[in-house]
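Subject: Structure handover

Hi,

Here is the structure I promised to pass on to you. My notes on what turned up in it follow below.

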Amino acid sequence: MGSSPFNVLTTNAVDLQRLLGEKQITSVQIVQQYFEQIDRHEPVLNALISRAPRDKVLRAAAALDEERSNGKVRSAFHGIPIVLKDSFITASNLGMSTTAGSLAFVGAKSSKNSAIAQSLIDAGLIILGKGNMTAPGGSSTGSAVAVAAGFSPLALGTETVGSIVTPSTRAGLYALKLTRGALDTTGVYTMSDFFDSVGPMAKSAADVRSTAEILLKRTFDSAKFGTWEGLSVGFVDPSVWQIAKEICTPREGAAEQMVEEYEAVVKLLQKEGCSLKYPVKVADADELTVDGEQAIMPISFWEFKNVGILKFIKSFDECPVSSAEDIVKFNKENSEKAMPAPFTEQNDLEKTLTYNDGPDKTEALKKAFRNVAQQIVDTAFDTQGVNLIVAPGDSSLCIHAAAAGYPIATAPIGKLQYNGRPFGLCVLARANEEESLLRFLAAYEKVAAPRPVPNL
């Protein structure tokens with residue numbers, strides 16, 4: 001990295017805050033170094049769908065430096081950059097679009113930030129750009145890539161089922177999907193209010209913790225952080241809990257390597273004094289049904305068409321579309337740009353238009369489904385006497401988290417021998433038990449191998 005004051009691929013936000021506090025660096029210098037990294041690698045990685053204008057970012061950084069020199073520090077991340085997934089509305093005067101990854105929203109205007117974006121700005125964070133959204137591996141992929149590639153120390157994603165967990169574990173990051181309903185999602189695109197939640201992605205457990213504290217407007221008890229005290233952790237069997245073959249074709253040797261290193265983590269944590277049970281049993285995702293019927297798609301599709309997309313559209317002052325029907329129509333009329341090969345279909349989007357049940361029927365389904373999910377997860381916690389459940393990152397545990405509305409976190413394990421792709425684990429807790437998850441991440445990070453750093 002030459003004479004650069006810090007390495008964008010390994011330095012985390014807590015480190016940067018320390019350098020700022022010691023007057024070894026300014027926020028202006030920090031954002032300039034991230035700009036250089038973006039210029040170097042964004043043309044290939046395509047992690048950002050829109051970037052904040054540099055003059056605006058530099059002015060914001062300079063103003064925050066000025067505040068700091070006058071003794072005003074707004075939060076633990078005053079003057080630290082962040083990337084937001086392209087589902088968080090930012091006011092048009094910040095110079096970034098918000099499109100939820102859809103060309104149909106290009107040109108939408110808002111005079112206000114989403115409640116979450118505003119709370120980050122109020123805490124002194126600097127928004128560098130919006131993370132690209134993609135279906136393979138989860139729609140927060142651009143945000144995860146931006147952090148791993150050194151474009152920003154922090155990113156904020158959203159997840160319906162797996163969109164924070166999967167990209168984070170595959171980018172070697174620590175991350176947290178907060179309890180559903182923990183934050184005001186006004187001005188955020190959510191596919192389904194029933195499943196969707198928000199969360200930070202970062203290079204360290206401490207970064208995730210500080211971002212969660214800013215988002216939740218609370219401070220966690222420092223005394224127990226970095227210890228296993230009060231945590232009882234159940235690890236599921238990784239040979240049972242694997243990603244479905246139709247979702248991800250297994251490469252010879254990769255599954256075996258992931259099981260081996262996962263089991264090495266179990267042994268390591270036992271040796272380090274973690275109260276641990278292995279293997280623990282949790283009912284399979286196939287049992288997450290209502291009277292034998294699947295509920296995830298009916299709930300998601302109905303909520304997208306009748307709640308989520310309408311709320312998102314209403315958050316803008318001006319928007320070129322006014323409904324799911326408009327988006328489908330736009331994509332058909334602009335198919336060369338909106339649906340380039342090989343993605344020439346919008347089957348799921350078209351299918352949402354057929355969900356015309358009354359709200360009462362969907363409410364009853366949601367209530368029944370949440371009860372089933374919470375019962376499955378709570379039974380696993382209670383019968384095995386654990387307060388956290390760990391599974392491979394490439395598993396269905398994120399489905400249990402979404403269905404129950406519970407928080408889930410990720411931590412890196414290693415990287416695959418054949419292609420260098422990182423993999424990790426995910427950790428589930430009960431509603432509003434973010435502190436237990438954050439304490440696990442901190443204690444795990446102390447003893448685990450360093451997170452894999454990409455070779456760009």
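In helix H5, the buried residues are Thr141, Gly142, Ser143, Ala144, Ala146, Val147 and Ala148. Buried here means under 20% relative accessible area and exposed over 50%, with partly exposed in between (1.4 Å probe, protein chains only). Helices (H or I, at least four residues) and strands (E, at least two) are DSSP runs, numbered from the N terminus.

Before going on, the ground rules: this is a predicted model, where local features need pLDDT of at least 70 and side-chain atom pairs count only at pLDDT 80 or more, while totals for chains, interfaces and linings use all residues. Numbering starts from 1 along each chain as its sequence is written, and side-chain values use heavy atoms, leaving out hydrogens and water.

Back to H5, which spans residues 141-148: seven of its eight residues are buried, so the rest of the structure largely encloses this helix. Its buried residues are covered by elements including strands S1 (48-51), S2 (81-85), S3 (126-131), S4 (154-159) and S6 (197-202), along with helix H6 (165-170). Contact, here and below, means heavy atoms within 4.5 Å. Just after H5, glycine 150 has a positive phi of about 80°.

One of the residues in strand S2 is valine 83, which is buried with a relative accessible area of 1%. Leaving out residues up to four places away in sequence, valine 83 touches Ala146 of H5, and its other contacts include Leu48, Leu128, Leu154 and Leu156.

Now the domains. An automatic or database domain assignment sets the bounds, dividing the protein chain into domain 1 (13-224), domain 2 (233-288 + 365-442) and domain 3 (293-362). Between domain 1 and domain 3, the C-alpha centres are 26 Å apart. Domain 1 brings 25 residues to the contact and domain 3 brings 23 residues.

The two bury about 2,000 Å² between them, with 69% of that from carbon and sulfur atoms; buried area is the accessible area (1.4 Å probe) that two parts lose on being put together, summed over both. On the domain 1 side, Ala104, Phe105 and Met191 lose the most area to domain 3, together 28% of what that side buries.

How many salt bridges are there between domain 1 and domain 3? The count is one, a salt bridge being a side-chain nitrogen of Lys or Arg within 4 Å of a carboxyl oxygen of Asp or Glu. Aspartate 193 and lysine 311 form a salt bridge, with their closest N and O atoms 2.8 Å apart.

A few loops may interest you too. Serine 395 sits between strand S11 (388-392) and helix H14 (397-404) and counts as buried at 8% relative accessibility. Its contacts, not counting residues up to four places away in sequence, are Trp241, Gln242, Ile243 and Cys426.

There are two cis peptide bonds to mention. Tyrosine 278 and proline 279 are joined by one, with omega about -5°, and the bond from alanine 341 to proline 342 is cis with omega near 5°. Proline 279 is in the loop between strands S8 (275-277) and S9 (289-290), while proline 342 is in the loop between helices H11 (335-338) and H12 (347-352).

Finally, lysine 217 has a positive phi near 55° without being a glycine, and it counts as exposed at 64% relative accessibility. Asparagine 432, also not a glycine, has a positive phi of about 65° and is exposed at 51%.

Best wishes
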